[in-house]
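Reader: I'd like to learn how to read helix packing and cavities in a model. Could you take me through one?

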Amino acid sequence: MTHSEEPQTGEAPAMSESPWVGFVRSIAAQVTEHAPGKKLIGPIAYAVDNSWRVLAYNDAFEELFADGRVPENMFKWMVWEGREQLPEHSRYWVRRVVPQLETLLEEFPDQPELMELARWTERTVGGPLRLAGRTGPDGEIRPFIHARYGAGAMWIGAATPMTSAGRVVFAHFYEGASPEEVRRLLGAVPGRQGAA
């Protein structure tokens, strides 16, 4: 069974003039099944600026979080604030997300928001960014606890590269599945540099 829902979209209070905002807000999620009785939700879509502040999102993104409380900054949420929803947090999240910050600092070395995010990360995680791990591939699959559907796995991919205007990220949530099961289902192979 497949059904579309009317998009109930949102935008962050401090929304900028990102070219991606209208695009993300127009994306309606679908709920299907990836296995009998197991929901597949997507596309989950959100836009961030290049310091991971959330600019816009669709209804499926908002439903990921308890009481629809969308994080202000996805980097901080993935690295620390959201760890109750992020199983195997260090392995799948910190070690894949933090190296992306180091890459962005090399590309935008004079951006104050990124420098502050680096200081916050070193205080929170401890130690230099380069010791955190490696950037995950685009299309990476990670364990996730959905606020509505419970435990499962999330496929995450960049719809756009990270630029000075930010990035759009798409995701799909597989209810009741492990990352390994989703990899088998998709026949996943290593991809490009990761999205978060």
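Author: Gladly! Helix H3 (residues 74-81) packs against helix H5 (residues 112-125) at an angle of about 10°, and their axes lie 11 Å apart. This is a predicted model, in which local features need pLDDT of at least 70 and side-chain atom pairs pLDDT 80 or more, while totals for chains, interfaces and linings use all residues. Residues are numbered from 1 along each chain as its sequence is written, and side-chain values use heavy atoms, without hydrogens and water.

Reader: Why is H3 called roughly parallel to H5?

Author: Angles under 35 degrees between N-to-C directions, on a scale from 0 to 180, count as roughly parallel. The angle here is about 10°, so H3 is roughly parallel to H5.

Reader: Which residues make the contact?

Author: Contact means heavy atoms within 4.5 Å. H3 brings Phe75, Lys76, Val79 and Trp80, and H5 brings Leu117, Trp120, Thr121, Thr124 and Val125. By class, that is six nonpolar, two polar and one charged residues.

Reader: What lines the largest cavity?

Author: Its lining includes Ile44, Tyr46, Phe61, Trp77 and Met154. H3 gives the most, with three residues, and the lining divides into twelve nonpolar, no polar and no charged.

Methods: Helix = DSSP H or I, 4+ residues; strand = E, 2+ residues; numbered from the N terminus. Parallel < 35°, antiparallel > 145°, perpendicular 65-115°, else oblique. Nonpolar A, V, L, I, M, F, W, Y, C, P; charged D, E, K, R; others polar. 1 Å grid on protein atoms, 1.4 Å probe; cavity = no way out; pocket = protein on both sides within 12 Å on 5 of 7 lines; lining within 4 Å.
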